[in-house]
Amino acid sequence: MPRGPAPTVHDFPVHFVTRILFSDLDANLHVNNLAYARWFQEGRADFDTGVLKAGLGGSDLRLILAHQELDYLSALPYPGSVTVATGVLRIGSTSYTLGHAVFGGETCHARGQSVMVKLGDAGATALSDKERDVLTGLRTTGDA
């Protein structure tokens, strides 16, 4: 999927900061690609269980990850920390797409998207008007 220029951290409403761990490094002392996937997961968890559910008044919303994509843009130095920035790109009838970016300082080192599906007892179920309103307020202004 073609994308525009790398986003800035200020394009995203939700930020999760974490330290780069020594265990995140590969044999060449580069941050391993799996670390980025884990950071996206932590950013999603912070967004879904913290910000989104808080906006819904502690809802028991059940979500499942249906799709994830990740583009690596540049290497990260160790030691250091990263900011995982997250915001809503699209809202569907039973799902929404999050845009993510990993920043070291102001530099975007990776970006991607995650599709989250709302689950009911029989599978995917429609997002409520309140859920859509909260998600709309958490849109990103950048191109993840």
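These are my notebook entries on what I looked up in this predicted model.

**Ground rules**

I number residues from 1 along each chain as its sequence is written, and for side-chain values I use heavy atoms, leaving out hydrogens and water.

**Entry 1: the overall fold**

I began with the secondary structure. The protein has two helices and six strands. I took both from DSSP runs: helices are H or I with at least four residues, strands are E with at least two, and numbering starts at the N terminus. Along the sequence I read the pattern β-α-β-β-β-β-β-α.

Next came size. The C-alpha trace spans about 45 × 30 × 30 Å along its principal axes. I then checked the radius of gyration, which is taken over C-alpha atoms. The globule rule is 2.2 Å times the number of residues to the power 0.38. For 144 residues a compact globule would come out near 15 Å, and the protein has 15 Å, so the two agree.

**Entry 2: surface, contacts and charge**

How much of the protein is buried? I found that 43% of the 144 residues count as buried. Buried means under 20% relative accessible area, exposed means over 50%, and partly exposed lies in between (1.4 Å probe, protein chains only).

The protein exposes about 7,200 Å². Carbon and sulfur atoms supply 53% of that area. The areas come from the Shrake-Rupley method with a 1.4 Å probe, and for residues only the protein chains shown count as cover.

I also looked at contacts, meaning heavy atoms within 4.5 Å. Among contacts between residues at least 6 apart in sequence, 71% join residues at least 24 apart.

Then I looked up the charges. There are 12 positive and 15 negative side chains. Lys and Arg count as positive, Asp and Glu as negative; His and the chain ends are not counted. I placed each charge at NZ of Lys, CZ of Arg, CG of Asp or CD of Glu. The centres of the two sets lie 3 Å apart.

**Entry 3: aromatic pairs**

The structure holds five aromatic pairs. Rings of Phe, Tyr and Trp (its six-membered ring) pair if their centres lie within 6.5 Å. Planes under 30 degrees apart count as stacked, over 60 as edge-to-face, and the rest as tilted.

One of the pairs is Phe12 with Phe103, which is edge-to-face, at 6.4 Å centre to centre and 65° between the planes. This pair links distant parts of the chain, 91 residues apart: Phe12 sits in the segment before β1, Phe103 in strand β4 (residues 95-104). Both Phe12 and Phe103 are buried.

Another is Phe22 with Tyr78: their ring centres are 5.9 Å apart and the planes stand at 70°, so this pair is edge-to-face. Phe22 lies in the loop between β1 and α1 (33-55), and Tyr78 in the loop between β2 (63-72) and β3 (81-91), 56 residues apart. Phe22 is exposed, at 55% relative accessible area. Tyr78 is partly exposed, at 34%.

I also noted a cluster: ring pairs link Tyr36, Trp39 and Tyr72.

Most residues other than glycine have a negative phi, and most peptide bonds are trans. I looked for departures from that.

Which way is the peptide bond from Tyr78 to Pro79, cis or trans? I found it cis, with omega near -5°. Pro79 is in the loop between β2 and β3.

Leu29 is not a glycine, yet it has a positive phi of about 65°. I located Leu29 in the loop between β1 and α1. Leu29 is exposed, with a relative accessible area of 55%.

His10 is in the segment before β1 (14-19). His10 counts as exposed, at 60% relative accessibility.

Ala75 sits in the loop between β2 and β3. Ala75 is exposed too, at 57%. What does Ala75 touch, not counting residues up to four places away in sequence? I found Tyr36 and His109. From Ala75 to Ala110 is 35 residues in sequence and 8.9 Å in space, C-alpha to C-alpha.

Thr125 is in the loop between β6 (123-124) and α2 (129-136). Thr125 is partly exposed, at 29%. Not counting residues up to four places away in sequence, Thr125 touches Ser93, Thr94, Lys118, Leu119 and Gly120.

How values were computed: Predicted model: local features only at pLDDT ≥ 70, side-chain atom pairs only at ≥ 80, totals over all residues.
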